[in-house]
Amino acid sequence: MKCRICETECKMFLDLGRQPIANNFLTEDQFGSEAFYHLGVYFCPACMTVQHRDCPVCSDVFNSTYPFFTGTSQAMIKHFAELAELIKEKYLPAHGQIMEIGSNDGTFLEHFKDGDHMGFDPSESVNRIARAKGIYVYSKPFEGFPVENSKRWQGTTDVFVSANTFAHIPDRHGVIRNIKRMMSVKGIWINEEPYLRSIVDKLAYDQFYNEHVFYTSIVSMQNVLRMHDLEIIDFDLLPTHGGSIRYFIGHKRAERNEKIDDAIKREGLNSFEVFDRFGKDVESHAKRFRQQLIDLKRPIVGYGAAAKSTTVLNYCDIGPDIISRIYDTTPEKQGKFSPGKHIPVVAYSQFAKDDTQDVVLFVWNHGKEIYDKERNRARNWILPVGGAI
Ligand code: TYD
């Protein structure tokens, strides 16, 4: 495939096979009509971007039934409250303008609803909740926002935030182009996403699924930003989503940034060999994981019907004969079946009554919150991917 960023020929390092849309939990009568896409993960040797070749059209994923709600996790509510605090203290001037790309249920923007704000999200299911909180939402993709037609939006935004959304958008240049046009002279774009170095270190291949298009390293992020005269000014590593990175991005500056240059050197994600090794490790890990479950010869249940679980279940060929049900807190998923493998999703309220010892913790990234919540009963927690919590 040709790189989506620079059109160089890319090389595949991991083939996760035929995968359904990761959050497309279905009813029994929809089993026959599910769409599948090939999920290969590719590396561009020129701009170093890791990406998928095939991705579903936006409206097949982000629509009125999109079932991911940020506010289902107490840890994420706290995370966004802290980010809002940081922005108010350091980045947003009085009467400044803030925009969020992928505003979901408004868990973040809620902290700014009394000021000049706007959220962008193509999924009506989440927009309904955000609007009920008094948040102004534009329900179309940010990259299609017609900035060029109106001076009202040019150079006016002081803070952009995108958290686990930039990686979902195939038109990466379109997003960056709009940010460049809309960002004020001293403006900042705070972008969070799972960090590719953590994915590699933790063998967390479950982060690869049919909602994402890109997985960024510092080096690949810097490369694409520079094409638009933007650059990474700073970054923080975060524990969210099993290991994330928060980029602080601004207009390109004249002076050299040693912190970023050093981080790129240390990161070591600029060669195909690193990813090739990772791909092979994932393959053998997945085989061992499936066998581990079969060898237990006991009933097994799952915890958290996350999008991530779709990749693991379909890649490892694990269906209801191995994991009989998955408990989940999201009402929109309960009573439905997991994409591709059709494992029943059961209301979390039933979990306490379930005596099953062996539990696959699909939401291992929320491990601390969950172990704390479930500490009253001993269970054999099994992690689906390689990393510790
Ligand atoms: P998450 O790891 O946040 O996201 P993703 O879907 O992007 O992989 O998982 C979200 C799902 O996990 C959501 O359906 C709610 C469920 N969940 C639980 O069932 N219990 C919990 O304690 C938590 C934190 C999440």
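Phe145 has a relative accessibility of 7% and therefore counts as buried, a label given to residues under 20% relative accessible area, with exposed meaning over 50% and partly exposed in between (1.4 Å probe, protein chains only). The model in which this residue sits is a predicted one, in which local features need pLDDT of at least 70, side-chain atom pairs count only at pLDDT 80 or more, and totals for chains, interfaces and linings use all residues. Residues are numbered from 1 along each chain as its sequence is written, and side-chain values use heavy atoms, with hydrogens and water left out.

The structure holds 25 aromatic pairs, where rings of Phe, Tyr and Trp (its six-membered ring) pair if their centres lie within 6.5 Å, and planes under 30 degrees apart count as stacked, over 60 as edge-to-face and the rest as tilted. One of them joins Phe120 and Tyr138 edge-to-face, with 5.6 Å from centre to centre and 65° between the planes. This pair links distant parts of the chain, since Phe120 belongs to strand 5 (residues 116-120) and Tyr138 to strand 6, 18 residues apart; strands here are DSSP runs (E, at least two residues), as helices are (H or I, at least four), and both are numbered from the N terminus. Phe120 is buried because its relative accessibility is 1%, whereas Tyr138, at 23%, counts as partly exposed. Tyr138 also forms an edge-to-face pair with Phe145, at 4.9 Å centre to centre and 80° between the planes. Elsewhere, Phe13, Phe43, Phe208, Tyr215, Phe275 and Phe278 form one aromatic cluster.

Turning to the strands, an open sheet of seven has the order 6-5-4-7-8-11-10 with mixed pairing, two strands being paired if DSSP finds at least two bridges between them. Its edges are strand 6 (137-138) and strand 10, each of which pairs on one side only. Strand 10 (residues 230-238) runs antiparallel to strand 11 (residues 244-251), and eight bridges join them; in this pairing, Phe235 has Tyr247 of strand 11 as its bridge partner. The two strands form a hairpin with five residues between them, and His241 in the turn has a positive phi of about 50°.

Strand 2 (residues 36-43) is mostly covered, with six of its eight residues buried. Seven bridges join strand 2 to strand 1 (residues 11-20) in an antiparallel arrangement, and three bridges join strand 2, again antiparallel, to strand 3 (residues 50-52). Val41 of strand 2 stands opposite Leu14 and also opposite His52 in strand 3. Strand 2 and strand 3 form a hairpin with six residues between them, where Met48 in the turn has a positive phi of about 65°.

What surrounds the ligand? The shell has 17 residues, and the closest are Lys308, Asp328, Lys333, His366 and Lys373, a residue being near the ligand if one of its heavy atoms lies within 4 Å of it. By class, eight residues of the shell are nonpolar, five polar and four charged. A backbone N or O atom of Thr329 lies 3.1 Å from a ligand oxygen atom, and an N or O atom in the side chain of Thr330 is likewise 3.1 Å from an oxygen atom of the ligand. For His366, a polar side-chain atom lies 2.7 Å from an oxygen atom of the ligand. The protein covers 96% of the 560 Å² of accessible area that the ligand has on its own, as given by the Shrake-Rupley method with a 1.4 Å probe. Helix 9 (307-315) and helix 10 (367-373) are the elements that give two or more residues to this shell.

Key. Polar contact = N/O pair within 3.5 Å; in protein donor to acceptor, adjacent residues only side chain to side chain. Nonpolar A, V, L, I, M, F, W, Y, C, P; charged D, E, K, R; others polar.
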